[in-house]
Structure formats: C-alpha cells, structure tokens
Amino acid sequence: MPNNLKLSAAEILQIDYNNPEKLFSLDGFLKEFMRLRKKWHPDYNPHPQANDVFQHLMLMAETAKARIATNTWNGKAALQYTTTDDKTFRFKYRAMRDFELGKMYIGSKHVIYVIDSKNKDLYDNGVKAIKSIKYDNKKFKGQFQPLLPKTIQASETDIGYVLVVSKPKNAVLLQELLDFLPDNTLPPKHTAWVLSSMYNIAIFLNHSGITHNSILASTIFVDPQEHACYLLGGWWYSVKEGDKLKAVPSELIKILPKKLFADKLAKTCYDRQAIKAVGINCLGDSTLGGSKLLFNKDLPKQIVNWVRTPSLDSAYEEYDGWINALEDSYGERKFTEFTTDISQLI
C-alpha cells in the first residue's frame with residue numbers, strides 16, 4: 001500500500017468508498033484517517049477538490065469502522081472467535097468474501113468459513129460430507145486427497161458456525177483470480193488446465209457416488225504455477241447420488257437442467273455441467289450462458305462448442321470428450337507457463 005498522504009485528490013477520489021482497504025491498513029487505520037482528514041480539511045486546504053476528498057474520506061472511514069466492528073475487513077487482518085467451550089482462536093487472513101451462507105476468510109494456509117446460524121443444517125451437512133469422503137485404495141488417496149478439503153476445525157462459536165480447512169500455500173480462489181485479471185478472463189490455454197483438473201476431480205466424485213452441487217469459481221482454488229485445482233468450498237450442498245437435494249446455490253439454478261427441480265434428486269452429471277459453466281465463466285462470460293463466447297474469434301471453436309453443450313452421463317466419457325476437444329484445438333498437450341504476477345493474491 002503506497003503512502004496515502006502522498007496520494008493526490010484524483011487518486012483518492014478514484015478509490016470507491018466501499019473499498020477502504022485500498023487506502024487504509026487495518027492496524028494503522030485510525031492514525032492514517034486522522035492524518036488524511038487533517039490534510040484535506042477544506043478549512044485548511046485550498047485545493048479546489050479538498051471538500052470532495054474530505055467528504056469521500058468520511059464515507060470511507062464509516063465503511064472501514066463498520067468492517068472492523070463486524071470482522072469483514074477485506075484485507076490483511078485476523079479473525080478471532082471463541083467456541084462454546086470457551087476456547088479462543090485467531091487466524092490471520094488476507095481477504096474476505098461473502099457467500100450465500102455467510103463469509104469466507106482466505107489465509108495463506110487456511111480458508112475459514114463462517115456460516116450464519118440460520119444455515120446450521122447446511123453447515124452440519126458440509127462437515128459430515130467432508131468427513132465421509134473415502135478412498136478405495138492408496139492410489140486414489142494419493143491422487144485425490146490433496147485436491148479435496150481437510151478439516152482443521154469445526155465449531156460453534158460466538159460469530160457463527162466455523163469450519164476451517166487447509167489450503168495449499170500458493171492456491172488462490174478462482175473467482176478472485178478472475179476478478180484480478182484483465183476483462184475478468186482467464187486465457188483459453190489456462191482455462192483448459194482448469195477444466196482438465198476439474199474433470200479429473202469429477203471422475204472421483206462420479207466413482208464415489210458423490211454429488212457436490214456447488215462447483216463454482218467461488219468454491220474452486222487454483223495454483224496457476226502448478227496448474228492444479230482444489231475443490232475446497234461448497235460442500236454444504238453435497239449429498240450422495242440419488243438422494244434428495246438439500247439446497248442448490250442460486251448461481252447454479254440458472255444453468256442446471258429444469259428436471260433437477262422436478263424430482264429434486266442429486267445426479268453427478270449436474271456437477272459436470274457446472275464444470276462447463278466454470279469454463280464459460282473463465283473464458284469471459286459471467287452470465288454462464290456461453291452465448292457471448294460465440295462472438296470471440298480468438299477462442300477455439302471446439303472449446304466454445306464443448307462448454308456450451310450438455311454434459312454426458314459418464315464422467316469418463318466426459319473426460320475423453322474434453323480431451324478430444326482440447327487436442328483438436330491445440331494439438332499435443334503442452335505445459336503453458338502462467339506469467340501474470342499474482343503475488344498480491346497469495
């Protein structure tokens with residue numbers, strides 16, 4: 001963060017008042033705010049925009065105070081909570097994001113999900129779903145266990161129901177990566193490894209009879225340097241294939257087949273349809289419909305056609321079909337280095 005006292009009026013006004021984390025540090029907020037308020041007070045500063053900057057700072061300070069009071073600071077901070085058995089925990093984090101059931105805090109080695117009390121049933125389901133993941137043999141365990149969540153703590157606390165899972169150090173939330181990239185778009189060759197990795201996970205889910213029901217850019221973490229994906233979030237909605245669904249995230253309702261809501265039974269093919277929607281999102285169509293991609297001449301037609309078609313009934317067939325589309329687009333598979341500097345997201 002640059003020295004905020006040196007920022008010009010235009011630079012300060014360019015920062016949305018809903019993003020105080022871009023101007024202030026959490027530890028130094030009060031001191032930094034007081035100095036800026038004094039510098040830009042219109043009674044002492046003759047700058048023609050002094051009053052505008054002063055009012056902007058006041059609004060930003062109110063947002064900052066509210067976030068400090070409610071543990072919603074979206075920047076480097078620490079989340080502290082006390083469990084019902086009077087044990088206090090403190091986790092450092094670098095980003096906070098809202099999601100339908102509560103809040104997610106992303107640290108260097110952990111992700112902390114805080115679920116609202118009204119969603120206790122889904123919290124309990126998520127804890128149970130993660131705990132019940134089984135591996136048929138050592139090979140499966142070695143291949144898939146690193147890609148799925150490992151529970152560090154699950155507790156009822158004074159801030160809600162908390163689930164802490166481990167996270168690979170260099171992994172970032174896929175949606176956060178998309179928000180960071182130009183045009184919120186991942187280049188197609190990098191979208192390709194995201195889909196390949198997720199289809200690999202889909203094979204495990206299909207083999208295990210697990211439906212995740214929340215495969216989204218907001219539940220997937222990625223390591224762009226290693227071309228790895230981790231399905232750490234969204235397990236609140238997971239049930240066994242054929243069981244009644246407990247709930248579905250609103251983001252998926254618009255892209256899943258209507259028959260899902262007719263029988264309300266969970267099917268693994270819907271997870272594979274969700275993976276295609278993730279691909280559409282990565283390629284630049286946040287509506288998840290895919291029609292925008294048809295006008296992008298830089299995208300391989302085979303990949304666009306693939307992400308816009310319905311999923312197949314078998315995860316193995318789906319994987320093979322995807323590899324064929326990928327090879328038709330780019331030929332023999334090669335490792336493409338991710339060169340964008342995302343150090344500020346880690």
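The lining of the largest cavity comprises 7 nonpolar, 1 polar and 1 charged residues, where Ala, Val, Leu, Ile, Met, Phe, Trp, Tyr, Cys and Pro count as nonpolar, Asp, Glu, Lys and Arg as charged, and the others, Gly among them, as polar. The model is predicted, so that local features require pLDDT of at least 70 and side-chain atom pairs pLDDT 80 or more, whereas totals for chains, interfaces and linings use all residues. Residues are numbered from 1 along each chain as its sequence is written, and side-chain values use heavy atoms, without hydrogens or water.

The residues that line this cavity are Asn213, Leu245, Val248, Leu252, Leu256, Leu260, Tyr270, Asp271 and Ala274. Helix 10 (residues 268-282) provides the largest share of the lining, 3 residues; helices (H or I, at least four residues) and strands (E, at least two) are DSSP runs numbered from the N terminus. On a 1 Å grid over the protein atoms alone, a cavity is a set of points where a 1.4 Å probe fits but cannot get out, while a pocket is an open set with protein on both sides within 12 Å along at least five of seven lines; lining residues have an atom within 4 Å of a point. Points are joined across faces, edges and corners, and a volume is the space filled by probe spheres set on them. There are 3 cavities of 30 Å³ or more by this rule.

The volumes are as follows.

| Space | Volume |
|---|---|
| Largest pocket | about 960 Å³ |
| Second largest pocket | about 310 Å³ |
| Largest cavity | about 50 Å³ |

The largest pocket has a volume of about 960 Å³. It is lined by 25 residues, of which Glu21, Asn74, Gly75, Arg94 and Gln344 are the closest to its centre. By class, this lining contains 10 nonpolar, 6 polar and 9 charged residues. Strand 3 (95-99) and helix 6 (174-180) each contribute at least two residues to the lining, and strand 3 gives the most, with 4 residues.

The second largest pocket has a volume of about 310 Å³. Among its 14 lining residues, those closest to the centre are Lys189, Leu326, Arg333, Lys334 and Thr336. Its lining divides into 5 nonpolar, 5 polar and 4 charged residues.

The largest nonpolar core has 82 residues, of which Leu174, Leu177 and Phe221 touch the most other members. A nonpolar core is a set of buried Ala, Val, Leu, Ile, Met, Phe, Trp, Tyr and Cys residues joined through side-chain atoms within 4.5 Å. Helix 7 gives the most to this core, with 10 residues. Another core, of 28 residues, lies apart from it and includes Phe33, Val53, Ala77 and Phe91.

Strand 5 (residues 110-115) is largely enclosed by the rest of the structure, because 5 of its 6 residues are buried, that is, under 20% relative accessible area with a 1.4 Å probe and protein chains only. Strand 5 pairs (at least two DSSP bridges between two strands) with strand 4 (residues 102-106) in antiparallel fashion through 5 bridges. Tyr105 has Ile112 of strand 5 as its bridge partner, and a hairpin of 3 residues joins the two strands. Strand 5 also runs antiparallel to strand 7 (residues 160-166), to which 6 bridges join it; here Ile115 has Tyr161 as its bridge partner.

How values were computed:
Buried < 20%, exposed > 50% of the residue type's maximum accessible area, 1.4 Å probe, protein only.
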